[in-house]
2 protein chains.
Amino acid sequence: LLQEAWTTVEALKRKIRDEGRVLPGNILLVDQFLNQQVDTALLRKMADHWYLHFLEKDVTKVLTIEASGIAVGVMVASRFGVPLLFAKKYASMNVTPDAHEVDVFSYTKQTTYRVSVSKRLLGPEDKVLIIDDFLARGNALKGLLELCGQAGAKVVGVGIAIEKAFQGGRRVVEDYGVEIVSLASIAELDGDRGIVRFVGD
Amino acid sequence: LLQEAWTTVEALKRKIRDEGRVLPGNILLVDQFLNQQVDTALLRKMADHWYLHFLEKDVTKVLTIEASGIAVGVMVASRFGVPLLFAKKYASMNVTPDAHEVDVFSYTKQTTYRVSVSKRLLGPEDKVLIIDDFLARGNALKGLLELCGQAGAKVVGVGIAIEKAFQGGRRVVEDYGVEIVSLASIAELDGDRGIVRFVGD
C-alpha cells in the first residue's frame, strides 16, 4: 500500500512536470489532465490514496467547490461510498436564507465571490472530508472550513491534489487543527524557465 | 443487463419523485442527489447504463460542460477508461485564439455565455460521447455539438440524465444524426402541485 501511495504521488508529479505549463505569476496550468481534461485513471489512484489515509475517519460526506474540484471530489466520494457535496460560487452577494454562506477573496482574479451550500445538505451529523484540486493561499479552503463551522459539521481531513507550498495556504488548515494530505507539494515555480520544483526534490 | 438498465432508470425516477422539487416556471430542483449533492452510487449505475449502451462506439473522450455536468461526466469517463473533457463557461466574450468557442443562450438566465475548449484537447482523432445532467431546449448541447464540429471530432452519442421532453431539446441532437440516450424523460412538470409526470407513465 505504501508502495502504491508512493507510485500515485510520483505519477502525479510526473504529469505535472511533463504536461503542466508554468506561466509567469506563479501560475501552473494543468488543464491537460486535471483542470479541463481530466485523467480519470490518475484520479482513481488519487482517490485510493486519500481513501486509505482517511479510512478510519467515518467520512459521511466529501465537500468540494465548483467547478474544477468536482471531478476529483466525485471520484473520492465514490471511493468512500458517500455523497459528494459541492459548494457553489456566486458573483452576486445576495443572501439566501436557506444556505450556509461565506465570502471568499480570489487572489488570482482580485475579486470577492460568495460560496454557498444548502442548509439541507450539511449539518452537525456530518463528518466531512474536504477535497480540492489546488491549495495556494488557502482562501477557498478557509471558506469551506467556515461553511462546515456554520453547519456544525466536523471536518475530519483535507485532501489536496496540488499544493503550492510557497504560498502558505497550509497554515489555514493547521489553524483549524485538521489534518491535510497533499499529493504533490510544489516548492517553487520558475515561470521564466518553465520549471517546477517539488518540496523534497 | 436489461433488468439492470431498467432498475437504474427506475431508481433515478424514484429519486426525482421523492427528492426533486418542482417549482413554478418548469423548474426541477435536484440538488439533493445530482446538482449540488451528488449520489455517487446512483451516478455509478448511470455510468454503467451508458457504458453498456455505447460500448461498441470506441469512445475516446467524454465531453461535458461545467459545472454540474462534471460529476456525471467524470464517472462515465472513468467507466470507459477515457479522459473527461469539460467545456468552460465564460461570461465575457473575449476571443481565445487557441480554443474552440461558441456562444450559447441560456433561456433560464436570459443571457448569452461563451463555451470553450482548448484546441489542444479536442481534435479529428476523437470519438466523443457527450454527457450532461439536463436537456431542456438543447442550447448547451447544441453548443457542445458545434465545438466538436469545429474540432473535426466525431460525436458518437449523447447521454442525458434528465430530459425535459416537453421543451424539445432532443430535436437538436436528432438534427445532427446522433443517437441520444436519456435516462429519465419528463413529460410534464406541474409547479402548482409539485408533480412530475414521466414520459410513458
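**Backbone, aromatic contacts and enclosed space**

A:Ala67 is found in the loop between β4 (61-65) and α3 of chain A, where helices (H or I, at least four residues) and strands (E, at least two) are DSSP runs numbered from the N terminus. The structure is a predicted model, in which local features need pLDDT of at least 70 and side-chain atom pairs count only at pLDDT 80 or more, while totals for chains, interfaces and linings use all residues. Residues are numbered from 1 along each chain as its sequence is written, chains are lettered from A and ligands numbered from 1 in the order in which they are written, and side-chain values use heavy atoms, with hydrogens and water left out.

The peptide bond that joins A:Glu66 to A:Ala67 is cis, with an omega of about -5°. In chain B, a cis peptide bond likewise runs from B:Glu66 to B:Ala67, with omega near 0°, and B:Ala67 lies in the loop between β4 (61-65) and α3 of that chain. Most residues other than glycine have a negative phi, and most peptide bonds are trans. Against this background, B:Asp58, in the loop between α2 and β4 of chain B, has a positive phi near 50°; B:Asp58 counts as exposed because its relative accessibility is 52%, where buried means under 20% relative accessible area, exposed over 50% and partly exposed in between, for a 1.4 Å probe and protein chains only. A positive phi, near 50°, is also found at B:Gln110, which belongs to the loop between β6 (99-106) and β7 (111-118) of chain B and is exposed, at 52% relative accessibility.

Helix α4 of chain A, residues 139-151, has 13 residues and should therefore span 18 Å at 1.5 Å a residue, which agrees with the 19 Å between its end C-alpha atoms; the expected span is 1.5 Å times one less than the number of residues. The buried residues of α4(A) are A:Leu141, A:Gly143, A:Leu144, A:Leu145, A:Leu147, A:Cys148 and A:Ala151. After α4(A) comes A:Gly152, with a positive phi near 75°.

The count of aromatic pairs over all chains comes to two, a pair being rings of Phe, Tyr or Trp (its six-membered ring) with centres within 6.5 Å, called stacked if the planes are under 30 degrees apart, edge-to-face if over 60 and tilted otherwise. A:Tyr51 and A:Phe80 form an edge-to-face pair, 5.0 Å from centre to centre and with 70° between the planes. This pair links distant parts of the chain, since A:Tyr51 is in helix α2 of chain A and A:Phe80 in helix α3 of chain A, 29 residues apart. Both A:Tyr51 and A:Phe80 are buried. The rings of B:Tyr51 and B:Phe80 are edge-to-face because their planes stand at 75°, with the centres 5.0 Å apart. B:Tyr51 lies in helix α2 of chain B and B:Phe80 in helix α3 of chain B, so the pair ties together parts that are 29 residues apart in sequence. B:Tyr51 is buried, at a relative accessible area of 19%, and B:Phe80 is buried at 14% relative accessibility.

Charged side chains also meet rings in chain A. The charged end of A:Arg79 sits over the ring of A:Tyr51, 4.0 Å from the ring centre, and that of A:Lys89 sits over the ring of A:Tyr113, 5.2 Å from the ring centre; the rule requires NZ of Lys or CZ of Arg within 6 Å of the ring centre and within 35 degrees of the ring normal.

One cavity of 30 Å³ or more was counted, and the largest cavity has a volume of about 40 Å³. B:Glu4, B:Ala5, B:Thr8, B:Lys45, B:Asp48, B:His49 and B:Leu52 line the largest cavity. The elements that give two or more residues to this lining are α1 (2-19) and α2 of chain B, and α2(B) gives the most, with four residues.

Definitions and conventions:
1 Å grid on protein atoms, 1.4 Å probe; cavity = no way out; pocket = protein on both sides within 12 Å on 5 of 7 lines; lining within 4 Å. Points joined across faces, edges and corners; volume = space filled by probe spheres on them.
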